[in-house]
Amino acid sequence: MIGKKTPGTAFGERAGYARFQRLQKATIFVLLAVLCGYAAVQSPTFLSWTNIVDNLFTNASALAVIAVGMTLVMIGGGFDLSVASNTAVCSVVLVLVMDGLSYLGSVPAISVALASAAVVGTGLGAVNGFLVAYVGVNPFVVTLSTMLIFRGLALILTDGGQALQVADIGLRRQFSWFYDAQLAPFGAGHTVSLPIVIFIAVFVAAVYLLRYTRFGHYVYAVGGNEQAAWLAGVNTKRVKAATYTLCGFTCSVAAVIFLAMTATAQAESHAGKELEVIAAVIVGGTPLGGGSGSLFATLTGVLLLRVIDNLLTQFSVGTEYRNVITGLIIAVVVTADVIAKRRRS
Amino acid sequence: MRRITKRFGATAALEAVDFDVRAGEVHALVGENGAGKSTLMNVLAGRFADYGGSITFAGKPVRMTCPRQARLLGIRVIHQDRSVIGNFTVAENIILGDEPAGRWTGRLNRKAIAAAARAVIDRIGFDLNCDEVVGGLGTARQTLVEIAAALHRNAKLLVFDEPTASLGSDDVERLFRVIRDLRRKGLGIVYISHRLAELPRIADRVTVLRDGRVAGTRPMKSFAIAQLSEMMLGRRLGEMFGARKNRPGEIVLQVRDLSGPGISRPVSFDLREGEIMGIAGLVGSGRTEIARALFGAVNAGGSVSMAGRTLPWRRPHLCRRAGIGMIPENRKSQGIISGRPLAENLNIAILERLSGRLGFLRRNTLLSSAASTAGRMCIQPPEPLANIDMFSGGNQQKAVLGRWLAANPSVLILDEPTQGIDVGTKNQIYGLIAELAESGCAVILISSEFIELARLCNRVLVLRAGRLKQQLSADGITAESLFEACLR
């Protein structure tokens, strides 16, 4: 949006809605702050650098990268269920390519593997984009089926689901660099891991794209009113297809982080993560219909879910309650959004 | 544009229409609702790729395939349905599609967007704030945003599709000044409007469309407004119909202080057994809104009593049980149940009667009931199991009507029951409505076709801008009087 939004004093109801909307945006920040405060009081280690940066941020970075791609898709009015499967395929491709090229030495093998994963992830995203935008199939149906297809692809590539170990290729130490590498911009005691740096790079690039480029502007336009954008001469199909393609690329980046962390590529890994990503984006305030939303809000959503998870771990709460609590938070946030919309109309 | 033809399914919206605009003239396009004005302009705007005929623009033949192409040629359409993006600011909406951006980085130049938008607004002198979010503006100002968006790039041909329908008189004056200014600069302008009174002030030539054909093109000066309306309504004015035979009886429906979205002032009226009451008004005057509020399709205020008993709650299913039926305005999206057989479409409102005690349905009962309704409605072909989408628009409409006739309602609301169907089927539907009234059912008929109202109604309520303005009864109802009452 250009400039500052003028306070809607001239429109009584609108002002109320704007206030409500701001409140809703603030709610999630406040919720995050309260939870962090509570955690800090309960456990002195919570606010330590190790817990915040290593446990929280580093662990969240892979999913946060996918959440960036998902936010693009969802602002454009779609959504993507196939991200976790796409990530699994990318992990498998990484290991297979490294295995095939390991005789060339570690650097060429890893570089080619990274490039192949990027091509595969982006390509699979483009398939979604093509089907949704150009063929016109509903995004739920498209990505539900590609979710299954990509998962199957990963199984085929691993001969029915064998776990592929990076250690078996002899590149374990070299590849794990993507996870273990530490930068120390704030002094020796305060290191920042490479996954965080990768996430920041993706995040900044995406923020630039959404906020400052014509493409990002059109993503909002397509999500806001596709018909109007089309009539204004915007190539709406290309814009939509591009969001899915970029989302596919973020899956390949996440695959690198995951693989470096676990050193194992498994066809069945990450199952169910697509819902966690979508949940984070929705909690962040991007509506299912698209047209609004922001990456910063998504980041807050990711962190909120992570902090809750972190807290529940600290208090050794069982998985069953975690699901209930996470579900409740999503329900409350989305309900607030629905009520806000109804009040507007 | 030569011999332009456009079909929607089986119905022809445009039939060999010739239309041209010269540089530096305002060419008005008039006609009743559904005459094909908007469709013709949508063809020009590249909204439909599948049209017949040929278009020549600035001396070169062109084939319109998408809106972007029309835009690049310099054709801009201000559409009737508001096409703005609610979350965007005024400036962003005005510049949408032409954003200045860095060649390599794709970086948006927000300052340039704001400046370009401000320049347009200053040029036309509209009262708009660039930074305001469009979703918060009223409809009138959203229209201004659209007009500004169309003017922002130097277009060669501008189409205004009912621009004044939601504007106040100040803004209309401003718009006229802008249009005259543009004409002086040599632009071609197409001006579509229902407000015939404003045409002499702005138009150079007029083309009248009727039922998808050109009824005539002439210089504006040679027309009196009465002549225009006659031309719009056509010779059908002359074809008079048999006298109304229905006799209104006891009051069956009492509506008091009905309010709701789109109704500016609460409406009250009574309806008698066997009476046909019309509701006339332009699109957006609140006709459909009254029907929906009455039927409980929206949250609405006021009270509705059937035969002296007030309905405590109004929702479509409760109204159906109380004996009220409604045929909605949009057959495709609200009327037929697409993709399902004719039988299901015919039986949907009477399943309670057709089902056994535990809610089981018997195939034979369903089929025989559907077959009898189809026969009564003369639906062609009378095949209960055929998919509803296979039927023509007229037969689909008969199916929707039949659905309610089967339910034997004591009050039936018909919202544009003859829109987009051919003359033969129209006459059949008129016959059915008359028959229905004679059998004692009270009918509310909403229509844009004044002849239809004049032919059938015992009484007509006239709406303007969400208010009940006038009531015409029996002998006072003619197409001309309605026309005048609605447009004044």
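A charge is taken to sit over a ring if NZ of Lys or CZ of Arg is within 6 Å of the ring centre and within 35 degrees of the ring normal. The table lists two such arrangements.

| Charged residue | Ring | Distance from ring centre |
|---|---|---|
| B:Arg63 | B:Tyr51 | 4.0 Å |
| B:Arg107 | A:Tyr212 | 4.8 Å |

This is a predicted model, in which local features need pLDDT of at least 70 and side-chain atom pairs count only at pLDDT 80 or more, whereas totals for chains, interfaces and linings use all residues. Residues are numbered from 1 along each chain as its sequence is written, chains are lettered from A and ligands numbered from 1 in the order in which they are written, and side-chain values use heavy atoms, with hydrogens and water left out.

Chain A has 14 helices and four strands, where helices (H or I, at least four residues) and strands (E, at least two) are DSSP runs numbered from the N terminus. Its C-alpha trace spans about 70 × 55 × 40 Å along the principal axes.

Over all chains, the structure holds 10 aromatic pairs; rings of Phe, Tyr and Trp (its six-membered ring) pair if their centres lie within 6.5 Å, and planes under 30 degrees apart count as stacked, over 60 as edge-to-face and the rest as tilted. One of these pairs, A:Phe130 with A:Tyr134, is stacked, at 6.0 Å centre to centre and 20° between the planes. Because the two residues are four apart in helix H4 (residues 106-135) of chain A, about one helical turn separates them. A:Phe130 is partly exposed at 48% relative accessibility, and A:Tyr134 is partly exposed at 40%.

Ring pairs also link A:Phe175, A:Trp177 and A:Phe178 into a cluster. In helix H7 (residues 172-180) of chain A, A:Phe175, A:Ser176, A:Phe178 and A:Tyr179 are buried. Seen down the axis of H7(A), the buried residues fall within an arc of 130°, so they line one face of the helix; the arc is that of the directions from the helix axis to the C-beta atoms.

How values were computed:
Buried < 20%, exposed > 50% of the residue type's maximum accessible area, 1.4 Å probe, protein only.
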